[in-house]
Every structure is written in C-alpha cells, then in structure tokens.
Amino acid sequence: MLVIALVMIQATKLPDPLNDWVYDRAITAWPAPVDNNVVIIAIDEFSLEQLGRWPWDRGLHASLIDKLHQAGAATVVMDILFTEPGSGDNALAEAMERHGRVALPVYLSAPTRGRMITEHLPTASLTRKTAALGHAHIELDNDGVARGLYLYNGLAGQLWPALSLAAEQPHPRRSSPPLPGYTNVRQDYRLVPLAGGAGTIPTYSYANILNYPVIKDEFTGKTVFVGATAAGFGDILPTPFSGLSRPMSGVEFHANVFSASQQHLLISQAPDWAPPALNLLVLLLLALLLPKLRPGTTLLACTALAAGLIVAYLMMLFVVRVHLPVASALVLPIAAIPIASGLRLAMTNRFMNRQLDEMAQTPQLSLPEPSNRHPQQLLTHLQALFHPPGWLLASDNELLEVSGMTLAQAPPTEVPGHWQHQQNQSWIKLIRGNTRYLLGLTLPNDLSRELIQLYLNQLDLDGQTGNQIRPRPSENISARIHKVRAATRKLGEMQSFIRHSFEHMPDGIIVTDELGVIRFSNRHIEDWFREPMPSLSGMPLTTLLEGYDPRDQPPWYEIISETLTLQQSRNADLTVHGKDFLIHLAPFALPDTRQFGIIANISDISELREQQRQHREAIDFISHDVRSPLVSQLALIEQLKRNPGHIEARQLDQLGRLARRSYQLAEEFVQLARAEQLTETRFYECEFLAIVENARDSVCEQAQEKGISILLTGTEDLWLKGNAELLERAVINLLTNAVQYSPSDSAISVHVYQAAHLACLAISDEGYGIDPQELPYLFDRYHRQKRSEVSGIHGTGLGLSFVKTVVEKHRGAIAVDSKPDEGTTFTLKLPIAHPMH
C-alpha cells in the first residue's frame, strides 16, 4: 500500500510545490546574514526625477564610476545593458579603465519566430575596458518565484559566469560540451539564501551619490552593484520573502547572490539519485516499524519520523549547504497513518467476524421489569416489602383483594402508571392487556411514609421508561458488526455489574486460582494492605498475608493449602497496620471447567474490637474506680449508724470526699460520653479568649488554696465554630491538672494567641513533670501516672482523654512538652472561623 501511495505521489505534481513551500519556510525563518562588503546604488524614482528620463547620457555613469573610484570602491558591477552605442561611451570606457574593476552584464535574448536565441554583449569599446563580463539571467521556478540561478550560462561553445560571480574576481568563460551554437547551455545551479526582502542590503540613491560628496570610507573596499529599482523600470522578481506582494529588483537579487557567495552560503542541489534513495529508506523504515507498533504509537512514530525528516532537511540545508527534496518522503509517514489504521481495521473486522458466533451467545444480565409483572404479583411483593396496614386491588371495579380500604376512598386516576398520594394512602392505575387495574396501599402514618412514597414514584410500573430501544448508529456498518456490538454490550454490562458490585461491597474481596495466586481484588485490599493494585494481581495470597499471622491459628500457608486441598471454608483473625480484620476463606469451582480457587472475604472489625475494648475498660472502671468509693461510703455510713451519738468531723469530711470523688468519676464519665457523641450540628460561633477566662475563673479558688497564681495573657478576640461548653470543660481539665500537679506558691502561665489560621492556647506549670515513658499513653482512657498515684494524687484517667476527644471533634490538635521536675506545657490548637457579625 505504501508503494502504491508513493507511486501516486510521484505521478502528481504535489511534491514540487510542497518542496518549494518547505524551502521557503526554512529560508525565511533563518535568513542569511548580509556581507559587510556589498552595497547597492539604485536607479530609483528619485534619481529619475533629478536626472531626467531614461536613458541617461553614459557620461553620468562615467562620473559615478570616477566618484566610486575616488571613494575606494573595490569593484563596481553595472547591472545595466550597454548593447548599443550611445553618447558618452568613450567617457564611460575611460572611467572603467581608470577604475580597473568594473563588471558588465551579458544578455541572452529569448528566441522569437524566425530568430534564434542571441547573445548580446556590451559595445566593443566597453567590452575592451571591462574587467569582467557575466550573465544576468535569474531562473524562475514553476510558481514564478526566483530562488536561485545558474553559475554559468551561455550559448554552446563558451559559458559566461554569473554577474555576481564575475564581480568576485575575473572568471574565465567555461567551455561547454560540443553542441550546436544556438543551444542555450546552463551549468551549476545554486539556490540563493536571501538575506531578507527588498531593502535588506544597504542601498543608496544614484542621484544622491552623483550630486553630493561621498562620506569618507563609505565605499572603501566594497563591491558596489548599480542597477534599476524604480517601479516599472527594470526587472522585478518575486522571492520567498515577498511573493508577488513586494518583488525584488534584479540588481538586489545579484547583490544577494554575491553576499551569499562571499560567505560560502550558496546551496547546491542534491544528486538526482538522492530523493529516490531517501524515499526508499523511509518506505523500508515504515514497512519494518508499523507492523510491530500498537495503534496508539503509530501516530507518534509517524510524527517522529516526519519530524526527523524535517530536522535532517534543515541540517543538509544550513550545514552541508545541499538542498535535498523531502516532499515525497515527508508525505509517506503522513499517508502511512490512515493506511495502517485501515489495515488494522480490516484485520479487526475479520477477527470480529470469527468471534461473532461465540460472543452472540453471551448471556445478558438483566432484572425483570416491574412493568411486566401482574398487578396481583406486584401487590404481593409490595406487601412483603413494606407491610402496609391496608391494601386494595380491583379489576374493572371488581375487588380482587382488600384489607382496610374501600373503592370509595380511591381518587380519580386518569393517567395510568402514576401514583397519587392522599395523606397516608397511595393509589395507582395499571393497564395489562385490555384489563384496567386499581392498586391502593395504606402506608404507616410515621416518618417513613414520605420515603416510601418517593420510592413508589421511582418505580416504572407501566413500562414507559424501561426497555427503551437503543438507536441504531447513523454510520453505515454491516449487520454483523451490529451483532458484535450487541454481544460486547451484553458482556460489558455483565462485567461492569460484577466489577461495580465487588468494588462497592463493604468487605475486601480476593479471588485466587487453584494455586492460591491472586487473580482479582477490590480497592479495599489495596487500601488496607497498602499494596498497589498492579502488584496484587499475580501475587500468592500467602505472600500478601505473611507478616500478619492469625491469632491462635496455624500459619497462613497451612490454612490456605487446607482450604484448597480439603475444599473446606476457614475463618481467621488478623491485624493489618493497626486494624483488626476477620478473613473468611471459601473454596469455589467454576462450572463446566476443572478450574477452582478461593474466594477470601475480609471484614474490617476494628470498630467492633474497639467497642469490645471500651466495653471491658468501662466495666473495669465501674467495678473498681466507681465501686470502690461507694463501698467505702456504705461502710462509713454503717459505722456511723452503729454509734450515731459519736459522729466526728473527720468522719463527715471523709464521707464528703468519697461522695465528691464518686460524683467526679460519674461526671467525667458522662462528659467523655458527651464529647464522643459531639457532632458539628452542635457547633456555633464562640469566642476562645472568653472561654479560657471562664475556665480560669472556675479553678481560681482551687489555685488560691495552694497559693498558686494563674497568669492569663492575650487580649485578641479569637472566634471559633465549636461547642463552648465542652471547650470550657476541656480547658478546666487542663488547668485543674496544672493546679493539682504544681507545688504550692508557684505560677501557672496561660497564653492565648493566634498563629496563622489557628487559635492557640498554651498552659505551662512549674510542677513535677511527666516521665518520658508515660508520654505516649498520656491521653489514653483510664491511664494514670505512676508518679501521681504514688504521691497520693488520685485521678480518674478520663480527664485528658476527654480533652483530646473534644479537640479532635473540633478538628484541632493538642501537644504536650514535659520534663520531670521542670514543669509541663500543654499546647492546644483550634481552627479559626470568621464571625458572622
């Protein structure tokens, strides 16, 4: 196919304009620099106005040459035809002789009827005095744009160098192959990288140079091109920079040729065999690469190949200075994209045709539509689902089933298939065949009624929205392709249902093969075991579970191997990354095959384990901490009963302390339960500094008893969105602890401040500090420090747990910094909310 495409490309004229376009874009994007030793003296409109109509007396040209000679011009190139004698020829010849480096053009006239091509030289007197002669012919390409010229051109016998080439140094005429004398012979074609559009090379007006003194060193050592640039006077040439919008004069084109030649920038044409060789190379590369590439990388590979051709073309053009046409080679990778796609499409079509019969047998996953069920069956199902207190089913006003409802209660139902709700009664008219049914339900008169009514409205009981016919595609494809699409759609629906079901199950699911290798797992497994999904597929189940040994069970390999060999289900507990799980391993076998494996269902029971732990801790707390002071109170009361006449004050004080401790335990237990149940629905705008001030006032009396001063700093109002009551209780707990664990006559510093978007509270005391080994468990429920227990300060172990719970419910953080015998600092940080007023 690519060979045919190449032949078709070559048979058209597409490559030539494409080659010209690529060359023009490259040349105009990176124009050649201008040689510093070339200038132009233009016969422009201003000169014609000042010096009169053309032709001028050749004495003016003699004066110009003498003036340039005095200015130190190295070479003067007169791009003006002097083929016929004229006034001033002798003066011009003498001026040329005085200068010694003046080049004149040779002109070859085009053949006409009855006259062959003719070579026109300057007059004999001028020819004898000129330093060099050169042809002035510039080639135009098929699109009429001048891009280059032949370095040698002339009639058979002897060839003239190009005018710009003759300006460099005297070039002898080159001999041509033996041909008839009237044959136009051209050799050594070169592309000319222009320096820019018209006016790029420094240009002076002929009249200004002739009539005014020349600036010193303005023409010293330079090659001066003299020619016409006036509109309608002289030759004009479209170039890659201008096209037909602003053509370039012939003298300026020759000056560009000279500038490029001086810098060795002229571009040669590649040999005739190079473009076909490049085409063949690209063809071979595509033939070798495309069959091995995936469809997604075909476009990338063809684009890269085309880009490589462009880069190679630019390297040849600007580094090697050779123009290698790449249009045909460039079109090949572009044409290869649809060709490769078409071939792959044909292969796909053949493959689909082979697989059609098998795919068409794929069972379709669908659920029975409610609209296809008989109204009596619908009533049975609705009764089982909602247990309505009353119901009614009638066929053409004949009661079929009724309980607690009458036909008189039914509203007028004109639109079948739409429920009508009247308080706690719902009615619907159904049509099955030619029979009209009326179905009514009495719903529970509670909060669930509205939910049930919304659910009933979603049911399609008349078949208006279900089983919609899928529109056929508008493109013209074969009937077999339609069948393939239907089969793949059914298969896709089945796979999507299974995948969606597994992914949205609350438990983790793993399916293995008969060797215990994981073949499927849902996202829960990826999250819980912290294994990426690609690595899970193909991993042995024992490898995944290693390191998480089941409690009171044999190793995993024994459990899994016994599940497969004995075909018996197994259960095991395991802990993964701090979370508790229950894994149930069940063997399975695929029907009609000899394949079998294991389905592992993994349930997260962390919350259940935590509830069990908290339940045990609560029972221990109640049985010991709460029960102990109550028992002591009862014992003391019994003692007082036995001797009511001798009640001492210390006994009453002890009884009060025990009662207060019981109350404190119960209060902190209740407060912790309130904190754990706190939600943002109970949040409101509150000011943090006021909360801290209220908490300080609550513990002032306790602090004064020990001579402890509480120093509060902070004057800025910090508004939070939270529960002020629980926040105040949390601050009270922190201040109470600071007072309890501080020595008498010490100070407690309370600092309220703002850090970025956080409201911060720092409470520092000068107390006994906290042992480093106690810090990790400081906020655990029921945890009490050994040092404080030994020193006689008995706590409940719930105060700091309450503080942490409240802070976390407010999306904040709490930190502690403590060193034994140096004091403790608690830092609390809460997010700030802007007040609504």
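Colleague: Let's start with two helices: is the crossing of α4 past α5 left-handed or right-handed?

Modeller: It's a left-handed crossing. We say left-handed if the near helix is turned anticlockwise from the far one by less than a right angle, and right-handed if it's clockwise. As for the names, helices (H or I, at least four residues) and strands (E, at least two) are DSSP runs, counted from the N terminus. Keep in mind that this is a predicted model, so local features need pLDDT of at least 70 and side-chain atom pairs count only at pLDDT 80 or more, while totals for chains, interfaces and linings use all residues. Residues are numbered from 1 along each chain as its sequence is written, and side-chain values use heavy atoms, with hydrogens and water left out.

Colleague: How do I describe the packing, and at what angle do α4 and α5 cross?

Modeller: Two packed helices are described by the angle between their axes and the distance between the axes. Each axis is a line fitted to C-alpha atoms, over the stretch in contact for helices, and angles run from 0 to 180 degrees between N-to-C directions. Here α4 (residues 58-71) and α5 (residues 89-99) have axes that come within 7 Å and cross at roughly 15°. That makes the two helices roughly parallel; the label covers angles under 35 degrees, with over 145 being roughly antiparallel, 65 to 115 roughly perpendicular and the rest oblique.

Colleague: Which residues of α4 and α5 meet?

Modeller: Contact means heavy atoms within 4.5 Å. From α4 you get R58, H61, A62, I65, D66 and H69, facing D89, A91, L92, A95, M96, R98 and H99 of α5. Sorted by class, that's six nonpolar, three polar and four charged residues. (Nonpolar means Ala, Val, Leu, Ile, Met, Phe, Trp, Tyr, Cys and Pro; charged means Asp, Glu, Lys and Arg; the others, Gly among them, are polar.)

Colleague: How do α13 and α14 pack?

Modeller: Their axes are 13 Å apart, at an angle of about 150°. That makes α13 roughly antiparallel to α14, and the crossing is right-handed. L382, L385 and F386 of α13 make the contact with I452, Y455 and L456 of α14. In this contact there are six nonpolar residues, no polar ones and no charged ones.

Colleague: On to rings: how many aromatic pairs does a search of the whole structure find?

Modeller: Eight. Rings of Phe, Tyr and Trp (its six-membered ring) pair if their centres lie within 6.5 Å; planes under 30 degrees apart are stacked, over 60 edge-to-face, and the rest tilted. Take F386 and Y455: their ring centres are 6.0 Å apart and the planes sit at 70°, so the pair is edge-to-face. F386 is in α13 (residues 375-386) and Y455 in α14 (residues 448-458), so this pair ties together parts 69 residues apart in sequence.

Colleague: Now sheets. In what order do the five strands that include β23 and β24 lie?

Modeller: Strands of a sheet pair through backbone hydrogen bonds, either parallel or antiparallel. We call two strands paired if DSSP finds at least two bridges between them. This open sheet runs β23-β22-β26-β25-β24, with antiparallel pairing. β23 (518-521) and β24 (570-576) each have a single partner strand, so one side of each is left without a neighbour in the sheet. From one strand to the next, the twist averages 25°. Helix α19 (residues 556-566) packs on this sheet, touching β24, β25 (579-589) and β26 (596-604), and its direction makes about 150° with that of β24.

Colleague: Which are the edge strands in the sheet with β28 and β32?

Modeller: That open sheet has five strands, β28-β30-β31-β33-β32, and its pairing is mixed. Its edge strands are β28 (709-713) and β32, each pairing on one side only. Antiparallel β31 and β33 are joined by seven bridges, and A759 has L830 in β33 as its bridge partner.
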